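Here is a friendly briefing to read alongside the model. Please keep the structure open as you go through the points.

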Amino acid sequence: MALYQKEVEMGCRAVRLAALLCQTVQRRLLAEETAAKSDKSPVTVADYGSQALVSWALQTALPPGETLSLVAEEDSEDLRTESGAAMLQRITQLVNEAIKAEDGAQPAPGPLTPEDVATAIDRGLSNGGPLGRHWVLDPIDGTKGFMRGEQYAVALGLLDEGEVVLGILGCPNLPMASISVPGGVMAAATSGQPVGCLFAARKGCGATVEPMDCSLPPQKVSVSKVSDPAWASFCESYESAHSLQDLTANIARVLGVTSPPVRIDSQAKYGAMARGDAAIYLRFPHLGYREKIWDHCAGAMVIQEAGGVVVDAAGRPLDFSKDSAARGTAPLRKLHFSRGSDIPS
Ligand SMILES: Nc1ncnc2c1ncn2[C@@H]1O[C@H](COP(=O)(O)OS(=O)(=O)O)[C@@H](OP(=O)(O)O)[C@H]1O
Ligand SMILES: [Mg+2]
Ligand SMILES: [Mg+2]
Ligand SMILES: [Mg+2]
């Protein structure tokens with residue numbers, strides 16, 4: 001079997017399963033399904049449920065006795081408090097519903113319990129690092145976009161000996177049709193092509209896209225061939241709190257870019273770029289913010305395998321292998337870009 005083929009299949013199944021749960025929640029998103037984390041960022045039942053499902057699906061696909069190492073965004077700490085119990089119940093119900101909808105049956109020996117779900121979420125507490133295999137998960141990237149009913153991604157990568165070898169991006173609200181058309185996402189969504197894309201990239205094997213609903217086979221994607229910035233369009237964060245939009249506007253002006261920025265949430269930007277919907281992605285977080293590996297691992301791999309290049313603000317490749325535990329700095333757990341994408345002074 002081709003290198004990482006089994007892992008790509010495991011990962012795609014896990015991402016599809018998680019996307020199913022996200023779609024269910026987004027359809028009936030209620031205020032009580034959202035909470036605020038200690039850093040004040042939003043988290044929903046779908047973020048937790050997606051993480052639990054990916055963790056469960058990957059762990060159950062491994063040979064008996066093999067333990068999953070997963071570096072993922074969420075943890076169960078708030079769910080294990082008295083006030084989090086009802087949310088954990090709700091997540092457990094959604095997780096069991098998604099497993100049943102996929103297989104038509106509950107997992108043996110029976111539905112997952114709230115404790116099983118919390119344990120699955122906390123498998124994401126690995127520190128990663130340069131040795132061995134580590135899956136890297138953002139269960140919902142672009143939670144704010146998800147809550148607005150717009151773009152988000154289930155983003156799953158695999159690190160092997162410090163190198164990214166797989167990237168899978170489930171983008172349930174991204175149309176299969178190009179969004180670089182007048183009217184953007186809205187127009188593409190009504191073009192008659194399916195909505196919902198699954199991007200997958202394996203080291204050295206290129207990147208593909210297929211509809212989330214499996215209605216078409218995977219097709220190879222490649223980045224835009226536009227080389228003159230005057231003809232290029234560029235993507236950036238939808239949220240101005242996530243990237244310095246004034247700075248990107250200035251850079252675009254200096255480059256001679258004439259079209260307005262394409263602002264969509266999440267690593268769906270990487271997916272859209274991988275198939276040539278835009279040629280440039282500019283991201284400059286506000287001073288002091290440290291990027292997390294799960295926010296870029298899968299997307300960067302998809303871009304790279306589609307023929308693109310992803311670098312930090314100083315033009316250096318991103319390093320996903322930093323093991324922050326080795327630095328003995330617990331609060332920095334999983335903040336891995338030592339040379340980060342802070343703006344150079
Ligand atoms: N202050 C700040 N600066 C930079 N980045 C931040 C910041 N706050 C959050 N985040 C991270 O941004 C993730 C969402 O991705 P994007 O910024 O591409 O999406 S968006 O267009 O702005 O919604 C988002 O990922 P999720 O938390 O998974 O949604 C965050 O990890
Ligand atoms: Mg994220
Ligand atoms: Mg997230
Ligand atoms: Mg988040």
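Over which residues does pLDDT stay under 50, and how many contacts beyond four places in sequence does the model have for them? The stretch is residues 325–345, and the model has 47 such contacts for it. Here pLDDT is the predictor's confidence in each residue, from 0 to 100, and two residues are in contact if their C-beta atoms, placed from the backbone, lie within 7 Å.

This is a predicted model, in which local features need pLDDT of at least 70 and side-chain atom pairs count only at pLDDT 80 or more, while totals for chains, interfaces and linings use all residues. Residues are numbered from 1 along each chain as its sequence is written, with chains lettered from A and ligands numbered from 1 in the order in which they are written.

**Confidence and overall form**

- The chain has a mean pLDDT of 89, with 91% of its residues at 70 or more.
- The scores for the model are ipTM 0.95 and pTM 0.91.
- A compact globule of 345 residues would have a radius of gyration near 20 Å, and the 19 Å of this chain agrees with that. The radius is taken over C-alpha atoms, and the globule rule is 2.2 Å times the number of residues to the power 0.38.
- The C-alpha trace spans about 60 × 50 × 45 Å along its principal axes.
- The secondary structure comes to 9 helices and 12 strands; helices (H or I, at least four residues) and strands (E, at least two) are DSSP runs, numbered from the N terminus.
- Of the contacts with a separation of 6 or more, 70% are between residues 24 or more positions apart.
- Buried residues make up 47% of the 345 in the chain. A residue is buried if 20 or more other C-beta atoms lie within 10 Å of its own, exposed if 12 or fewer, and partly exposed in between, with C-beta atoms placed from the backbone.

- The chain is divided into domain 1 (5–221) and domain 2 (229–332), with bounds that come from an automatic or database domain assignment.
- The C-alpha centres of the two domains lie 21 Å apart. Their contact takes 42 residues from domain 1 and 32 residues from domain 2.
- On the domain 1 side, the elements giving two or more residues include strand 3 (70–72), strand 4 (133–141), helix 5 (143–147) and strand 6 (163–175). Strand 6 gives the largest share, 7 residues.
- The domain 1 side divides into 25 nonpolar, 12 polar and 5 charged residues. In this count Ala, Val, Leu, Ile, Met, Phe, Trp, Tyr, Cys and Pro are nonpolar, Asp, Glu, Lys and Arg are charged, and the others, Gly among them, are polar.

**The nonpolar core**

- The largest nonpolar core has 100 residues, and L53, F199 and V302 have the most contacts inside it. Such a core is a set of buried Ala, Val, Leu, Ile, Met, Phe, Trp, Tyr and Cys residues joined through C-beta atoms within 7 Å.
- Helix 1 (residues 5–27) gives the largest share of this core, 12 residues.
- The core lies between domain 1 and domain 2, because both give residues to it.
- Leaving aside residues up to four places away in sequence, F199 touches I168, L169, A207, V209, G271, A274 and V302.

**Helix packing**

- L21 lies in helix 1 and is buried, with 28 other C-beta atoms within 10 Å.
- Beyond four places in sequence, L21 touches A46, G49, S50, L53, L94, V95 and A98.
- L21 and I91 are 70 residues apart in sequence, yet 9.6 Å apart in space, C-alpha to C-alpha.
- In helix 4 (residues 114–122), V117, A118, A120, I121 and D122 are buried. The buried residues of helix 4 pack against helix 2 (45–61) and helix 3 (85–103).

**Residues to look up**

- Y4, in the segment before helix 1, is not a glycine but has a positive phi of about 65°. Y4 counts as partly exposed, with 18 C-beta neighbours inside 10 Å.
- E161 also has a positive phi, near 50°, and lies in the loop between strand 5 and strand 6. With 12 C-beta neighbours inside 10 Å, E161 counts as exposed.
- S321 is found in the segment after helix 9 (297–305) and touches G129, P130, L159 and G162, not counting residues up to four places away in sequence.
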